[in-house]
Amino acid sequence: MLRRMILVVGGAGFVGSHICKSLRAQNIEHLVFDNLEKGHSQAIVGSQLAVGDIRDPATLERVFADNDIDTVMHFAAYIEVGESVTDPAKYYRNNFQGVLNLMDAMRNHRVEQFVFSSTAAVYGEPKYVPIDELHPKDPTSPYGETKWNVERMIQSFGRAYGLRSVALRYFNAAGASPDGSIGEDHDPETHLIARALLAAMGKVPPLTIFGTDYDTPDGTCLRDYVHVLDLAQAHILAIKHLRSGGESRQFNLGYGNGFSVRQVINAVEKVTGMEVPKSEGPRREGDPARLIASSTKIREELGWNPEFNDLETIVSHAWKWRQAFPNGYGL
Ligand SMILES: NC(=O)c1ccc[n+]([C@@H]2O[C@H](COP(=O)([O-])OP(=O)(O)OC[C@H]3O[C@@H](n4cnc5c(N)ncnc54)[C@H](O)[C@@H]3O)[C@@H](O)[C@H]2O)c1
């Protein structure tokens, strides 16, 4: 019988849960594997869930033995860049060793299709923008290092064992399901749009704008915010590519637009009608002035056609979810 199940590792998290919603909408068979340390079972109602940890090879082995998995999508990781600097061992153990465990289990069960959540952090300080996939890779944090090292490991596995993979390098994932049913609930919340909404609601301390003297139009950093549903579309295209026999690929995911910290705060204030309490602080080490993607490659090769390339739309979807879940999924 043809194996057709996708294992969605880390599927109860922010990005993974939105991909699961798209998989359900398209009746694509899948199983979520998540330890729920950072994820939320409420975000994946309707998807099957196996609770387990990628740092535990025995549990992984059982999941592959018990299910007809042909493809793995991997979202599970620790994601706080600052924490990765102070505790790199934690990051290497989960974000690198965990993936090695997963890929060993895949090899044991002859699962040869892999979609990996990578990041703009693999590039480090940009030498030019927009950043294309050939830009030098020189991560400036252990978080970025773990992601780049995994990408290299995936490539070696491809050469040696026939693994076919798509690495998707997201820039800044943001937004929420337009129906307000699922959204972004990180603890701590370090992502600007989600945090600005919480600051406007008085649920976190005032925002600090880190650096106002960058060489950008308003002096604050520019980032490329990409709607999580456009990420979901890219993942489904990646699955189709691999399932139709496509070769390994690496793609950036961003719109090619940069928005400054001040522009984001203005958009949040406009959408919510509330003021975002804020103060100005010094630059943070390792924060480039501009991180902007060229996504020409995925548009041309996989036909990625983003639908939500609009900052106010992204903010209003995130706000709709936050209004429905003012305390996140927990309460
Ligand atoms: N959110 C962004 O802006 C962004 C940008 C670039 C890359 N990424 C990458 O995308 C992926 C998803 O990001 P996110 O924002 O959804 O993160 P998230 O923290 O919301 O989701 C990660 C999920 O993985 C699970 N998990 C973590 N460690 C695990 C383990 N050892 N075993 C099993 N499950 C585990 C968590 O419980 C959580 O549900 C990550 O790999 C991240 O590095 C995210």
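This is a short tour of the structure above, going from the ligand to the domains, then to helix pairs and a few backbone spots.

**Before you start**

The model is predicted, so local features need pLDDT of at least 70 and side-chain atom pairs count only at pLDDT 80 or more, while totals for chains, interfaces and linings use all residues. Residue numbers start from 1 along each chain as its sequence is written.

**Stop 1: the ligand**

The shell holds 28 residues, and the closest are Gly 10, Gly 13, Gly 39, Ala 77 and Ala 173. A residue is near a molecule here if its C-beta atom, placed from the backbone, lies within 6 Å of it.

Now colour by secondary structure. Helices (H or I, at least four residues) and strands (E, at least two) are DSSP runs, numbered from the N terminus. Two or more shell residues come from each of helix H1 (14–25), helix H4 (88–108), strand S5 (113–119) and strand S7 (172–174). Which element gives the most to the shell around the ligand? Click on H1, which supplies three residues.

Colouring the shell by residue class gives 11 nonpolar, 12 polar and five charged residues. Nonpolar means Ala, Val, Leu, Ile, Met, Phe, Trp, Tyr, Cys and Pro; charged means Asp, Glu, Lys and Arg; the others, Gly among them, count as polar.

**Stop 2: two domains**

Next, give each domain its own colour: domain 1 is 5–173 + 225–253, and domain 2 is 192–223 + 256–324. These bounds come from an automatic or database domain assignment. Taken over C-alpha atoms, the centres of domain 1 and domain 2 are 24 Å apart. Where they touch, domain 1 contributes 25 residues and domain 2 contributes 23 residues. Two residues are in contact if their C-beta atoms, placed from the backbone, lie within 7 Å.

Stay on the domain 1 side of this contact. Strand S10 (225–227), helix H7 (228–243) and strand S11 (249–253) each supply at least two of its residues. H7 gives the most, with seven residues. By class, this side of domain 1 has 13 nonpolar, seven polar and five charged residues.

**Stop 3: H6 and its two partners**

Select helix H6 (residues 192–200) together with helix H10 (residues 311–324). Their axes are 10 Å apart and the angle between them is about 50°. Axes are lines fitted to C-alpha atoms, for helices over the stretch in contact, and angles run from 0 to 180 degrees between N-to-C directions. H6 and H10 are therefore oblique to each other; angles under 35 degrees count as roughly parallel, over 145 as roughly antiparallel, 65 to 115 as roughly perpendicular and the rest as oblique.

Show side chains to see Ile 193, Ala 194 and Leu 197 of H6 meeting Ile 314, Val 315, Ala 318, Trp 319 and Arg 322 of H10. This contact of H6 with H10 has seven nonpolar, no polar and one charged residue.

From H6 come Leu 192, Ile 193, Ala 196, Leu 197 and Ala 200, and from H8 come Val 261, Val 264, Ile 265, Val 268 and Thr 272. What classes make up the contact of H6 with H8? Nine residues are nonpolar, one is polar and none is charged.

**Stop 4**

**Stop 5: backbone details**

Zoom in on Pro 130, in the loop between S5 and H5. The peptide bond from Val 129 to Pro 130 is cis, with omega near -5°. Then visit Pro 188, in the loop between S7 and H6. The bond from Asp 187 to Pro 188 is also a cis peptide bond, with omega near 5°.

End at Asn 27, in the loop between H1 and strand S2 (30–34). Phi of Asn 27 is near 50°, a positive value in a residue other than glycine.
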